[in-house]
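User: Could you show me how to read salt bridges in a structure like this one? I would like the general idea and then the actual case.

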Amino acid sequence: MTSTFPNISISTERLVLRPLDEDDIPALTEMMNDEQVGSWTDVPQPYTEDRARRWITEYAPNERTSGRGLDLAVTEFLTQRLVGIVQLAKTNWHIRSTELSYIIAPWARGEGYASEAALATAQWLFGDQKLERIELRTAADNTASQQVAQKIGCISEGVLRGACIAHVHGDDGTWSDVRTDFIVWSLLPEDLEGTAEQLEDIDGFTSLADWN
């Protein structure tokens with residue numbers, strides 16, 4: 001029988017990671033329409049509230065119940081404001097692995113939220129869920145995302161040449177595709193030793209085609 005992720009919340013010193021709900025639609029829509037999100041992910045532009053609603057009410061629940069993945073809203077503990085999203089995808093319960101990606105809202109970048117959310121998710125996956133491998137993929141020029149991967153203890157495993165499509169926003173408002181490389185990172189349970197104490201304020205998000 002296929003394993004599935006539980007419907008859970010994860011708390012850190014500053015953040016609460018919880019299931020997405022329909023109250024997140026306006027903030028999620030605004031965040032997904034950011035130019036950097038359009039550049040480094042396959043999020044459709046412009047991103048509409050109807051698409052956000054379908055993600056929250058259809059896509060995310062189906063991913064969790066099927067065992068393929070998990071989508072979590074990242075919110076500030078004090079204000080409950082939507083900071084970003086953490087997504088798990090392509091989960092393989094036989095080899096106990098999953099792929100992790102993250103997006104942080106423009107106003108929240110530079111506060112270390114991406115590292116804090118990703119690390120908390122990794123600790124939960126290795127501890128409670130007994131996973132044994134987390135994989136991240138970052139576009140070759142997305143240095144902010146690469147810094148987050150390094151800060152949480154990921155090891156660079158190599159380059160997938162020409163495997164990523166980034167996007168360039170032109171002066172006329174249209175988007176053009178640009179082929180680039182993916183850097184593949186992995187995180188194993190032993191990589192987390194001492195990571196929490198070494199985190200610095202760094203931020204970013206990964207590029208992943210599965211963003212709905």
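Salt bridges in the model

Analyst: Happy to! Glu63 and Arg68 join their side chains in a salt bridge, at 2.6 Å from N to O. The term means a side-chain nitrogen of Lys or Arg within 4 Å of a carboxyl oxygen of Asp or Glu. In general, side chains of opposite charge can pair when their charged atoms come close.

This is a predicted model, where local features need pLDDT of at least 70 and side-chain atom pairs count only at pLDDT 80 or more, while totals for chains, interfaces and linings use all residues. Residues are numbered from 1 along each chain as its sequence is written, and side-chain values use heavy atoms, leaving out hydrogens and water.

User: How many salt bridges does that rule give?

Analyst: The count is twelve salt bridges.

User: Is Glu63 buried or exposed?

Analyst: Buried means under 20% relative accessible area, exposed over 50%, and partly exposed in between (1.4 Å probe, protein chains only). Glu63 is buried at 8%, and Arg68 is partly exposed at 42%.

User: Which residue forms a salt bridge with Arg137?

Analyst: That partner is Glu99, with the closest N and O atoms 3.9 Å apart. The pair links distant parts of the chain, 38 residues apart: Arg137 sits in strand E6 (residues 133-139) and Glu99 in strand E5 (residues 97-104). Strands (E, at least two residues) are DSSP runs, numbered from the N terminus. Glu99 is buried at 4% relative accessibility, whereas Arg137 is partly exposed at 24%.

User: What else involves Glu99?

Analyst: Lys90 and Glu99 also meet in a salt bridge, at 3.9 Å from N to O. A network of salt bridges links Lys90, Glu99, Arg133, Glu135, Arg137 and Glu157.

Definitions and conventions. Helices (H or I, at least four residues) and strands (E, at least two) are DSSP runs, numbered from the N terminus.
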